[in-house]
Amino acid sequence: MFQRFVRTLLYSFKSLLLHKLRAGLAVLGILIGVTAVIWLVALGEGVSYQAQQQIKELGATNIILKSVKPSASSSSGRSFIVEYGLTREDYDRILEGVPTIERAVPMREITSTVRAGTREADVNLIGCTAAWFDINSLSGARGRILTDRDIEERQNIAVIAAETAESLFGYEDPLGKTIEIAANNRVDVYLVVGQTKSRMPSASIGSSLEGRDYNQDVYIPLSTFRSRIGDQVVTSRTGSMEGELVELSQITVTVGDLSQVDDASDIIEILLEKYHGSKGDFSVTIPMELLKQAEMLRMMFNVLLVVIAGISLFVGGIGIMNIMLATVTERTREIGVRRAMGASQTDIIEQFLAETMVLSGLGGIAGVVCGFLCRPANFGVLWVIENWLPEIWRSLPPTIQQLQPIIAPWSIIAAFCISVGVGVVFGLYPARRAALMDPIEALRHE
Amino acid sequence: MELAGQIDDLHKYYYLGNQVVKALRGVTAEFPGGDFVAIMGSSGSGKSTLLNVLGGLDRPTSGRYVIAGNDVSTLTDHELSAIRNKLIGFIFQSYNLISQFTVLENIRMPLSYRPDRPPMTREDIDWCTELALQVGLGDRLDHRPHQLSGGQQQRVAIARALVNGPAIILADEPTGNLDSSTSAEIIEILNRLNAEGRTIIMVTHEPEIAREAKRQIYMKDGLIAGDGIFPG
């Protein structure tokens, strides 16, 4: 059985060699279709992989609570100081109220101006605890990062980020030097004890989480922030004064296990809504949810790409059908001879189906080979744009600039199977036409 | 002697639009095993149609055709194909070799349609080579049809017709495209095959070829006009 199958395929191959150009063009049609499937899926996977990595950096077992400034209409009274957001009480309630909680990391953040000598830098001033560095994958490049003891001792010490260090101290070692941090119209002096390694900024994910640049930060102990700067921060901007009263800017809650994320976030939302009512002054971001959404998006994207690629395979199939119809007409006499020698209709169908399968199979194999060229091709195109068309390069979003296609194994298998399937489907009609020919007519055919 | 084939009141009509072409209008004949029959007649007399029906390539509109005990009208395409493969060897006027195949591949082609489609064995190939030797083409196994003369091509076709050891050989103007000396060679081969016990039914319009057969059937307007032993 197998031997016969192989023999049939071999003979098919031999007949196809009679018209190399014609067979080659039909193969090319399928090749393009298969390559399109593999490339498009690989590019799609590459893009969504980036998105997923960003979400995973947030930590899948995390729940991120943020203070959100309510829209102007809902702010109470005529006071120019707006009070909103998460409170230290919220923090305590969450710690007590969520049974599966592993830790909760509070953080307070404002924008501020920092000076060192004559140099000045606009920074994000962050009051945090030791765990902050851990959950944001920040590590020390020089000196040390903040510890639990620093929080207890409430000292005026700071850890600065890489870019901040560069703009304040150039290439000097910032350790042991002092910086002046201005807030609420007063200036405090802090001792620099460490510098963090530079970290890739995280991109924004949809509308639920904005991007974050970790390289322009200054970190001080949360307790120091509270005693030196306080909850109420007033900033003066050309003539008008603006103030806000916020206890905590963000609380990052970590639970023990992925399965506990949903329950914990429900509890937190109920808990917070009880005290915040409908003010809408906080947001809850669940990276796991984002991950699920991204996964959904990726699937929809893949379906779309496969549909597009499927169309090109369909066109390839039509090409195959076209040449098979020509082949059948051309070999009418051979069909007649074979029938006279005892070939049944099934034999004739098999013979021509085998030929289309060889065509589409070859196209499929060649397409898979070309599919593997996706990465070098992508690299080449990006390289050409980067070096020869720098203007276009700069206008590309980082997602494209850093795009690494990921060839999905399933796409290779699917593309190959579909191509052979296309061969069968589009070969069936010409083969049937050959089989149903009247043998006598076929023998007389000139 | 056992009958190789028997036809009884055979009719064959073709429908061309509104027109009915009556190619056979009630033909009755018997073909004993080991017979060598020449069917003669002018073109349009129905002799080719008769041969096609005898070969199982065409089914009669009405009437009975029994070949080796099987009534053709009751057979499926598959069964009829098997009968063509096992019992009948075809020889055509225009040889009908497959141009992309070599001599050897052409000869062994019917083997791939044997019942149950067994794989080709070493013995099969040896047998095909042996047949090629018998028709005098042992040194041309790798040639393609276009590299052979007409007579040589017809001899390949004869070897191909013999490969499954058929009881009946049907030849449709086997010498029609050949000169007289080559024709004589082909007729000699057919005579030899007949002497080995095979039934040969040959359509021809050349009296000197028909004369070589044991028996002649003359056809006219879809009917048998005469039947006899030539020269008689």
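Select A:Trp388 to begin: this residue is exposed, with a relative accessible area of 61%, where exposed means over 50% relative accessible area, buried under 20% and partly exposed in between, with a 1.4 Å probe and protein chains only. The model is predicted, so local features need pLDDT of at least 70 and side-chain atom pairs count only at pLDDT 80 or more, while totals for chains, interfaces and linings use all residues. Residues are numbered from 1 along each chain as its sequence is written, chains are lettered from A and ligands numbered from 1 in the order in which they are written, and side-chain values use heavy atoms, with hydrogens and water left out.

A:Trp383 and A:Trp388 form one of them, edge-to-face, at 6.3 Å centre to centre and with 65° between the planes. Now move to chain B and select B:Phe90 and B:Phe92, a stacked pair at 5.7 Å centre to centre with 5° between the planes; B:Phe90 is buried at a relative accessible area of 3%, and B:Phe92 is buried at 7%.

Stay in chain B and show its open sheet of four strands, which has the order E2-E1-E4-E5 and antiparallel pairing. Strands are DSSP runs (E, at least two residues) and helices likewise (H or I, at least four), numbered from the N terminus, and two strands pair if DSSP finds at least two bridges between them. The edge strands of the sheet, each pairing on one side only, are E2 (19–32) and E5 (70–71) of chain B. Strand E1 (residues 3–16) of chain B pairs with E2(B) in the antiparallel sense over 11 bridges, and B:Tyr13 stands opposite B:Lys22 in E2(B). Show the side chains of these two residues as well: the charged end of B:Lys22 sits over the ring of B:Tyr13, 5.3 Å from its centre, a term that requires NZ of Lys or CZ of Arg within 6 Å of the ring centre and within 35 degrees of the ring normal. In chain A, A:Arg93 lies over the face of A:Tyr275, at 3.3 Å from the ring centre.

Next, select strand E8 (residues 186–196) of chain A, to which three bridges join strand E5 (residues 140–143) of chain A in an antiparallel run; A:Arg142 stands opposite A:Gln195 in E8(A). Strand E6 (residues 157–160) of chain A pairs with E8(A) in the parallel sense over four bridges, whereas strand E7 (residues 178–183) of chain A pairs with E8(A) in the antiparallel sense over six bridges. In the hairpin of E7(A) and E8(A), with two residues between the strands, A:Asn184 takes a positive phi near 50°.

On a 1 Å grid over the protein atoms alone, a cavity is a set of points where a 1.4 Å probe fits but cannot get out, and lining residues have an atom within 4 Å of a point; grid points are joined across faces, edges and corners, and a volume is the space filled by probe spheres set on the points. Of the 19 lining residues, the closest to the centre are A:Thr8, A:Tyr11, A:Arg338, B:Ser112 and B:Tyr113. H1(A) gives the most to this lining, with six residues.

Notes:
Phe/Tyr/Trp six-rings, centres within 6.5 Å; stacked < 30°, edge-to-face > 60°. 1 Å grid on protein atoms, 1.4 Å probe; cavity = no way out; pocket = protein on both sides within 12 Å on 5 of 7 lines; lining within 4 Å.
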